[in-house]
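Take a walk through this complex, one chain and one site at a time. Keep the viewer open as you read.

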Amino acid sequence: MKSILDNDEQALQFKNVYFDYENAAGQIRILKDVSFSIPKGEFVSIVGASGSGKTTIFRLIVGLEQQKSGSIYVNGEEMEKRLGKVGYMPQQDLLMPWRTVRQNAFLPLEIQKQKDTDSKVDRLLGEFGLKGYENKYPNELSGGMRQRVSFLRATLSGSNVLLLDEPFSALDAMTKLFMQEWLLEQWEKQLSTILFITHDISEALFLSDRIFVITDTPVTTLEEVKVPLKRPRWQHHLDQKKVIELKNSLIERFRMRV
Amino acid sequence: MRNYMYSTILTFILLLIWEIGARRINTSFILPAPTEIGMKLWELREELFLHHLPITFSVIAIGLAISLTLGILLSIGMSMSKTLEQTLYPLLITSQTIPIIALAPIFVLWFGYSIWSKIVVTIIITFFPITVSTFDGLRSTNRDLKELFQSMGASKRQLFFKLEVPSALSSFFSGLKVAVPMSVIGAAIGEWLGAQAGLGYFSRRMMTQFDGAGVFAPIVLLSLIGILLFIAVVLLEKYILNWRRI
Ligand SMILES: Nc1ncnc2c1ncn2[C@@H]1O[C@H](COP(=O)(O)OP(=O)(O)OP(=O)(O)O)[C@@H](O)[C@H]1O
Ligand SMILES: [Mg+2]
């Protein structure tokens, strides 16, 4: 979309990042000299086979893991301790069963010890379609609603950078489509930068400005694919010939690896 | 309430069989009939309710309170420090294999006939379920949730109070439900072995007088205390863990 401008236009940057997991058997290299930049306001998806290291990239950005070498920048700043700097929505919704919807969503504000945020939370609960459910417990909600609470919680971290790890993978096809449209709406409203992991190529095409394709492990290059679609987007845009061709070529690329 | 219908019916049937059996055997110092026990309770009501029951109850209450304090502190300590866990956990398990009842006379030697020898028995007998269940509860905290908290920049303190404590509550209450009836047993054993008052003591005194109904009457009270305390814990649990009802 935009070319790489100066540093503070970048929401996220990796420069020559190496990362290994250590376990009993020794070291497993996951990232090998990975570099990429994501400008503020962009929507980027990461697609790749299971176990290819997508979640690991998120864990590095969040600060749950530390890179072996290389640098990671959040909003133009290189940070050693990144915990608490970006909004993270993990692969499972991870709502606390003993907290109501409102209390679950409120958690990041509570941790940051913010005061007088009730009106903000109320407004967002409405926008996230959770009005009337504030005082329900997670086990009273549908899967789509639980995902929305989890997403709201990530949003309330207050960060402009949101990492969403396969948020819709557990949803049925119809709910998934609605949630995708709703997510784009929220993204435009909140002016956030979103990094989105998915297995679903159509989903990546529908949502993103760019798609990072992971084809090999350890991850070395993230192949970049620009999505040739204008916004606002509608599901039927995916039926255009160029998009179908792009989708097929992406699928082909994965097939070769299997 | 319907849930209790069958057990109530069964209780009545058993009491009836007991009553009929006791009347036929007709040696009340060996097997007093339930009605005899009831009458005895009524007859001794002042002595039992005003004198012995408060003493036993304070043994149970003080014992449980100390046990809870120690157990919770110890389990928090063990959950925070691996060294503490590795040092104390095996000891804790081993301590359970010691027959407390056999040791109880020693406590009487140490603490005399005072209330403290009974409290010590109560503590030892209830300490284990409370500590182990609280510790297991703290340890069972979901790892992914913990990382989510960390990803939000939560401090150790916030992690503890907002995540680990709520995660441990359910298991803690299971332990408490085991500990409460045991505290009654502990107090009764303590009093049996050497006391000057209390329901356990009274029961034993009646034994030496071959008063069967007199032996059973305080035992009925003891088990009532156990049942009432258990119900109190269940109600508290329902209130605190009210999200589980849904
Ligand atoms: N804590 C860990 N210790 C050792 N190895 C790990 C650890 N976590 C993940 N791995 C390994 O690292 C690799 C990448 O894992 P990662 O979770 O990033 O994959 P992923 O692309 O998110 O997969 P999926 O699509 O299934 O979620 C996998 O082979 C996994 O087995
Ligand atoms: Mg993953």
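**From chain B to the ligand sites**

In chain B, 42% of the 246 residues are buried. The model is a predicted one. Chain B has ten helices and zero strands. Read from the N terminus, its elements run α-α-α-α-α-α-α-α-α-α. The C-alpha trace of chain B spans about 75 × 50 × 30 Å along its principal axes.

Start with B:Leu103, in helix α5 (residues 100-111) of chain B. B:Leu103 is 18 residues from B:Val121 in sequence. In space, the two C-alpha atoms are 9.0 Å apart.

Next comes B:Phe210. It sits in the loop between α9 (199-208) and α10 (212-240) of chain B. B:Phe210 is not a glycine, yet its phi is positive, at about 50°. Is B:Phe210 buried or exposed? With a relative accessible area of 62%, B:Phe210 is exposed.

Now move to chain A and its sheet. Four strands form an open sheet in the order β2-β1-β4-β5 (chain A), and the pairing is antiparallel. The edges belong to β2 (26-39) and β5 of chain A. Each has a single partner strand, so one side of each is left without a neighbour in the sheet.

Follow the pairings across this sheet. Strand β1 (residues 10-23) of chain A runs antiparallel to strand β4 (residues 69-74) of chain A, and five bridges join them. One residue pair to look up is A:Lys15 with its bridge partner A:Ser71 in β4(A). On the next step, two bridges join β4(A) to strand β5 (residues 77-78) of chain A, again antiparallel. A:Val74 has A:Glu77 as its bridge partner in β5(A). A:Tyr73 has A:Glu78 as its bridge partner in β5(A). The side chains of a regular strand alternate between the two faces of the sheet.

How many residues lie between β4(A) and β5(A) in their hairpin? There are two residues between them. In that turn, A:Asn75 has a positive phi of about 50°.

Helix α1(A) comes next. Eight of its nine residues are buried, so α1(A) is largely enclosed by the rest of the structure. The buried residues are A:Lys54, A:Thr56, A:Ile57, A:Phe58, A:Arg59, A:Leu60, A:Ile61 and A:Val62. After the helix comes A:Gly63, with a positive phi near 105°.

Which residues coordinate the magnesium ion (ligand 2)? They are A:Thr55, through OG1, and A:Gln91, through OE1, at 1.9 to 2.6 Å. This pair links distant parts of the chain. A:Thr55 is in helix α1 (residues 54-62) of chain A, while A:Gln91 is in the loop between β6 (87-89) and α2 (101-111) of chain A, 36 residues apart. A:Thr55 is partly exposed, with a relative accessible area of 24%. A:Gln91 is partly exposed too, with a value of 36%.

Ligand 1 also draws on α1(A). That helix gives three residues to the shell, which is the largest share. There are 13 residues around ligand 1, and A:Ser50, A:Gly51, A:Lys54, A:Thr55 and A:Thr56 come nearest. By type, the shell divides into three nonpolar, eight polar and two charged residues.

A side-chain N or O atom of A:Thr56 is 2.5 Å from an oxygen atom of ligand 1. A polar backbone atom of A:Ser52 is 3.3 Å from an oxygen atom of ligand 1. For a polar side-chain atom of A:Glu166, the distance to an oxygen atom of ligand 1 is 3.4 Å. On its own, ligand 1 has 630 Å² of accessible area, and the protein covers 65% of that.

Two backbone details in chain A remain. A:Leu94 is in the loop between β6 and α2 of chain A. A:Leu94 has a positive phi of about 50°, although it is not a glycine. With 9% relative accessibility, A:Leu94 counts as buried. Finally, a cis peptide bond joins A:Arg231 and A:Pro232, with omega about -5°. A:Pro232 lies in the loop between β10 (223-226) and α7 (241-257) of chain A.

Definitions and conventions:
Residues numbered from 1 in each chain as written. Chains lettered and ligands numbered in written order. Predicted model: local features only at pLDDT ≥ 70, side-chain atom pairs only at ≥ 80, totals over all residues. Heavy atoms only, no water. Donors = N, O, S within 2.8 Å, 3.2 Å for Na, K, Ca; no water. Buried < 20%, exposed > 50% of the residue type's maximum accessible area, 1.4 Å probe, protein only. Near = heavy atom within 4 Å. Polar contact = N/O pair within 3.5 Å; in protein donor to acceptor, adjacent residues only side chain to side chain. Areas by Shrake-Rupley, 256 points an atom, 1.4 Å probe, with all protein chains shown as cover. Nonpolar A, V, L, I, M, F, W, Y, C, P; charged D, E, K, R; others polar. Pairing = 2+ DSSP bridges.
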